[in-house]
Amino acid sequence: KDAAERGRLPASTFVTLRRGLAFGSGAHLLVIALKLIGVDGGGLVLPGRGLWQFYANAMAVPFTAGVSVMMHALSLFVASTPPPADAA
């Protein structure tokens, strides 16, 4: 907020932070997608019970797991969206 108020959003530090947040959120979503597909022992697409065996807590509370995925998707969207030109 302070950077936005001072007009420093295009500064290299904040660009690096936004890129890092976008990369981390994107990587997390990729790992979650691979886990749900079942790359590590079975899941929703590939045969096996790995998803329910190794990630039993996530499968026990699917609402919370879904909210986590939505939060990471939102942070990826926000970090990937460039700041408005008038904020600079």
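In what order do the elements of the protein chain run from the N terminus on? They run α-α-α-α-α, and the secondary structure comes to five helices and zero strands; helices (H or I, at least four residues) and strands (E, at least two) are DSSP runs, numbered from the N terminus. This is a predicted model, in which local features need pLDDT of at least 70 and side-chain atom pairs count only at pLDDT 80 or more, while totals for chains, interfaces and linings use all residues. Residues are numbered from 1 along each chain as its sequence is written, and side-chain values use heavy atoms, with hydrogens and water left out.

**Overall form**
- The C-alpha trace spans about 55 × 20 × 15 Å along its principal axes.

**Packing of α2 and α5**
- Helix α2 (residues 12–37) packs with helix α5 (residues 62–80) at an angle of about 145 degrees, their axes 8 Å apart; axes are lines fitted to C-alpha atoms, for helices over the stretch in contact, and angles run from 0 to 180 degrees between N-to-C directions.
- Residues making the contact (heavy atoms within 4.5 Å) include Leu21, Leu29 and Ile32 of α2 and Val69, His72 and Leu76 of α5.
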